[in-house]
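Here is a short report on one protein chain. Look at the sequence and the model first, then read on.

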Amino acid sequence: MFAVLLDAGSHWFTYPHLDPVAIHIYKDFGIRWYGLSYVIGAILVYLQLQSKSSRARTGLTVEQAQEFIVYTMIGIILGGRIFFLIADMLTPLSAGGHSFTYYISNPIQIIAIWTGGMAFHGGLLGGIAGAWLYTRRIKLSILKVLDEAVLWLPVAILLTRITNFINDELPGRVTDSPIGILFPNYQGYRYPSQLFEGVGMVLIVLPLVWLVRSRPDIFRPGAVFWMFIAGYGLVRTVVEFYREPGIIFLGLTGAQYLTIAMVILGVVMIWLGQRKPMPAATAQPKPKPAKPRA
């Protein structure tokens, strides 16, 4: 009976055809949902870093929290775009990639981040580089700052993946499943793998990082950040089985090799951190003995 209903119902969802431009300003110029997702993500990180509890853990001032966001956002944009361009040129043309000559002939496309086109792994490395440069400059622990900075990144990633869906990019593999969606610029019904990743981030990674953060008596500095790295790697590794592959080697996509490495690295770094002694609590001054009365 259930199989009959599935056949009769065909596919459950249709592509919504939302406008990628959130605010139209002039002709083809406007503010896109994709760009807004990055802005909202940066605001979420800043609100966390400037909070009283966060500043007590990191030693940042409110002004330093603002500067930290600037450094990391520059790193994210540069790293994300550079890695995207490299991956896009390595992807076969039949799978949607573009050649080096394409970008030479269309130089504006090299910087066209407003239409999408950011690689997560490149953005992550760029953001970490920016964080390292800034925390080194102000002489604070990068691990303590990153522990606070990643707490709301799962939500930011969810927003970005929703905008990928709106932009009709990063589609899933072709499927006859009833949850398949017919994307405008692709043949056949496909998994909405963008949404799979976003939902996985808020259902799995978000609770994990906050759980680790809530137990400073157990976990060492850096554990929250490495839990985020391992959690993202786990979610993305699974989602890649539903996402349209670019580069495939020995049955796994290029991204899966990176995400599996993220899982291993995150787990190993947490384990190594837990072997270190717990940081000593700040010693309280001993009360001076009362003078004997005459």
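The sections below cover confidence, the core and a surface patch.

## Confidence

This is a predicted model, where local features need pLDDT of at least 70, side-chain atom pairs count only at pLDDT 80 or more, and totals for chains, interfaces and linings use all residues. Residues are numbered from 1 along each chain as its sequence is written, and side-chain values use heavy atoms, leaving out hydrogens and water.

The pLDDT (the predictor's confidence in each residue, from 0 to 100) averages 86 for the chain. At least 70 is reached by 89% of the residues. Helix α9 (residues 193–213) has the highest confidence, at 97, and helix α1 (residues 2–9) the lowest, at a mean of 43. Helices here are DSSP runs of H or I, at least four residues, numbered from the N terminus. Over residues 282–287 the pLDDT stays under 50.

## The core

The largest nonpolar core has 36 residues. Such a core is a set of buried (under 20% relative accessible area, 1.4 Å probe, protein chains only) Ala, Val, Leu, Ile, Met, Phe, Trp, Tyr and Cys residues joined through side-chain atoms within 4.5 Å. Leu49, Phe68 and Phe228 touch the most other members. Helix α10 gives the largest share, 10 residues.

## The surface patch

A nonpolar patch lies on the surface, with about 1,100 Å² of accessible area together. Its residues include Val70, Tyr71, Trp132 and Ile247. Helix α4 gives the most, 8 residues.

Methods: Patch = residues over 30% accessible without salt bridge, like charges linked within 9 Å, V, L, I, M, F, W, Y side chains within 5 Å. Areas by Shrake-Rupley, 256 points an atom, 1.4 Å probe, with all protein chains shown as cover. Salt bridge = Lys/Arg side-chain N within 4 Å of Asp/Glu carboxyl O. Helix = DSSP H or I, 4+ residues; strand = E, 2+ residues; numbered from the N terminus. Contact = heavy atoms within 4.5 Å. Buried < 20%, exposed > 50% of the residue type's maximum accessible area, 1.4 Å probe, protein only.
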